[in-house]
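Please read these notes with the model open beside you.

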Amino acid sequence: MRSAATKAPSKAARTAARAGVAALGAAALTLGLASSASAATVTRTVVDGATYNLSLTAPNTAAATGQNVTVSGSGYNPSRGVYVGLCAVPAGVNVTDPSTWNAKPTPCLGGQDQAGTTGASHWVNKDWYWMAPNNSSPYTVAAGRGGFSVQIHVKAQISPSVTCGQNGVTCAIVTRADHFDTNDRKYDVYVPVTFS
């Protein structure tokens, strides 16, 4: 007969212990994934009938051969659709100075992918997201401001002739006005990215 001190743990205790070990393992895995790529947040204030404090968070390093990254934004005007993607920073644009953000970010990986065939861009909008289910989604709206969290595919080679980090090409994960108002620069936000 076993004494109380050497009694085997009950089934409920073993289940609780396993759950605790699994939770610790999941937490360690999450921390490992989170630390593998650092993220940066860039903010910009725009006036578009109202004042919008835009915030864009994206990884600032990625694998040159390609990887999927999560990009999140908040504070956007939900009546203005945006594309989220990886683009070359235009000549004359200083990513730390919004007053210089007056040229359209281009070229972009996958181009203006309205069909969602490349996974390299995502279209966030209030009304027409259902037209392109492969690469679009509606804003989450709170207090009249639009937010999003999307995945896009990024890689160093944007086009056959443009590669991030080569020949003076600087790249960034950006938001920019969608195809309904492609020349509107108010919703451009840049998070510079380098490739390893």
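1. Strands here are DSSP runs of E at least two residues long, numbered from the N terminus. Two strands pair if DSSP finds at least two bridges between them.

2. The model is predicted: local features need pLDDT of at least 70, side-chain atom pairs count only at pLDDT 80 or more, and totals for chains, interfaces and linings use all residues. Residues are numbered from 1 along each chain as its sequence is written, and side-chain values use heavy atoms, with hydrogens and water left out.

3. An open sheet is formed by 6 strands in the order β3-β13-β12-β5-β6-β7, with mixed pairing. Because β3 (61–62) and β7 (136–138) stand at the edges with a single partner strand each, one side of each has no neighbour in the sheet.

4. Within the order given above, β5 (residues 82–88) and β12 (residues 171–177) run antiparallel and are joined by 7 bridges. Opposite Val84 stands Thr175 of β12.

5. Strands β1 (residues 39–47) and β2 (residues 51–59) are also antiparallel, with 9 bridges between them. Ala40 has Ala58 in β2 as its bridge partner. The hairpin of these two strands has 3 residues between them, and Gly49 takes a positive phi near 85° there.

6. Strand β2 is also joined to β4 (residues 67–76), by 3 bridges, and the two run antiparallel. Here Thr57 is opposite Ser72 in β4.

7. How many aromatic pairs does a search of the whole structure find? The search finds 5, where a pair means rings of Phe, Tyr or Trp (its six-membered ring) with centres within 6.5 Å. Tyr76, Phe148 and Tyr187 are linked into a cluster by ring pairs.

Notes. Phe/Tyr/Trp six-rings, centres within 6.5 Å; stacked < 30°, edge-to-face > 60°. Helix = DSSP H or I, 4+ residues; strand = E, 2+ residues; numbered from the N terminus.
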